[in-house]
Amino acid sequence: MNPGGSVKDRAASAIVLEAERRGELPPGGTVVEGTAGNTGIGLAHVCNARGYRCVIVMPDNQSPEKYRLLEMLGAEVHQVPVVPYSNPNQYQKVAQRLAASLPNAVWSNQFDNTANRDTHARTTGPEIWAQTNGHIDAFVAATGTGGTFAGVAQYLKSRRSAVRCVLADPPGSSLYQYVRSGTLKATGSGSITEGIGIGRITANLEGAPIDDAVYIEDTDTVRYVYRLLHEEGLFLGSTSGINVAAAVRVAQGLGPGHTIVTVLCDSGAGCVGGMSLAPEVPWLIGGAAAAPIAAWVTSHVPQRAAATAVGVVVFVLGATGLFTTLT
Ligand SMILES: Cc1ncc(COP(=O)(O)O)c(C=O)c1O
């Protein structure tokens, strides 16, 4: 169960439990994190359940819904300007300093705290293996901290090394180039996606088995958010869109008869504000009939038959074990 509504609940819960286990978080203590949103939402739930104060530092360009929800959950939210990672006022560094300045506080440090990756190796990976009965040919996912990708890939490879683990990368992120050429170099510029894309190798991603990477433009990501909504009845966020777009790309490469697994990371409810920031996206206003897919989107949409040719794609929603198949 992911009560905060995203894949990040697993990281949040594991990080807090690990801090308790190490004796770093006394009863009534404080958990501080720098997060683009979903980890904060997960941490706020865990802190409520276990009696901790939750302090969240967030970049100020995230969907407004996420700030509101965090405050409703009782977290203390600090919005900071978006600056490069090298800047001392980058949100993760602000969170680290804040944690050091507060009594009985821990910095959750989701990017480099490997309790994040380990929980996916212990839970998400085995769930995928069990739900596919081990019949899985490829795992595909975008990365923020890299915890989901690395933990799942590590587990799947331990079961069968031939499972292809493919990283999906959005515009502005450096991992596509890193995987393809060994150099951390951004491809494209900014992205409407939230919580994914990075310019460095986190401790969670360090040493992860990565067979390949695919670069997905935002137009493709949005197209798949729409397809999932209109064809599958699933209202999902942008990272689900990029993951599915990348899974279909991998499926097209492997051909019919293969099983490709990806993660539907969160619901679309937390992304409406962010997605609507893209001026050309007629984002769900008035539903599908009132807001037909714009010409720029349909011009990129392959016919349904083209997707059928790629074989079966299985999508796992970690929260419920729900499977759906796009044919
Ligand atoms: C919605 C969403 N999807 C995907 C990710 C990336 O997951 P991970 O940090 O495990 O790489 C995040 C991370 O914050 C997220 O919020």
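Helix 5 meets helix 6 through Asn 116, Arg 117, Asp 118, Thr 119, His 120, Ala 121, Thr 124, Gly 125, Pro 126, Ile 128 and Trp 129, which face Gly 147, Thr 148, Ala 150, Gly 151, Val 152, Gln 154, Tyr 155, Leu 156 and Arg 159 of helix 6. Two residues are in contact if their C-beta atoms, placed from the backbone, lie within 7 Å. Eight nonpolar, nine polar and three charged residues make up the contact of helix 5 with helix 6. Ala, Val, Leu, Ile, Met, Phe, Trp, Tyr, Cys and Pro count as nonpolar, Asp, Glu, Lys and Arg as charged, and the others, Gly among them, as polar.

The model is predicted: local features need pLDDT of at least 70, side-chain atom pairs count only at pLDDT 80 or more, and totals for chains, interfaces and linings use all residues. Residues are numbered from 1 along each chain as its sequence is written. Helices (H or I, at least four residues) and strands (E, at least two) are DSSP runs, numbered from the N terminus.

**Helix packing**

The table gives the angles and axis distances. Axes are lines fitted to C-alpha atoms, for helices over the stretch in contact, and angles run from 0 to 180 degrees between N-to-C directions.

| Helix pair | Angle | Axes |
|---|---|---|
| Helix 5 (residues 115–131) and helix 6 | about 55° | 7 Å apart |
| Helix 1 (residues 8–21) and helix 5 | about 115° | 8 Å apart |
| Helix 8 (residues 218–232) and helix 9 (residues 238–254) | roughly 100° | within 7 Å |

Helix 8 is therefore roughly perpendicular to helix 9. Angles under 35 degrees count as roughly parallel, over 145 as roughly antiparallel, 65 to 115 as roughly perpendicular and the rest as oblique. In this contact, Asp 220, Thr 221, Val 222, Tyr 224, Val 225 and Leu 228 belong to helix 8, and Ser 238, Ser 240, Gly 241, Ile 242, Val 244 and Ala 245 to helix 9.

Helix 1 brings Arg 10, Ala 11, Ala 14, Ile 15 and Glu 18 to helix 5, where they meet Ala 115, Asn 116, Asp 118, Thr 119, His 120, Thr 123 and Thr 124. This contact of helix 1 with helix 5 has four nonpolar, five polar and three charged residues.

**Around the ligand**

There are 19 residues around the ligand, and Gly 144, Thr 148, Gly 195, Thr 239 and Cys 265 come nearest. A residue is near a molecule or strand if its C-beta atom, placed from the backbone, lies within 6 Å of it. Helix 2 (38–50) and helix 6 (147–159) are the elements that give two or more residues to this shell. Helix 6 supplies the largest share, three residues. The shell around the ligand has five nonpolar, twelve polar and two charged residues.
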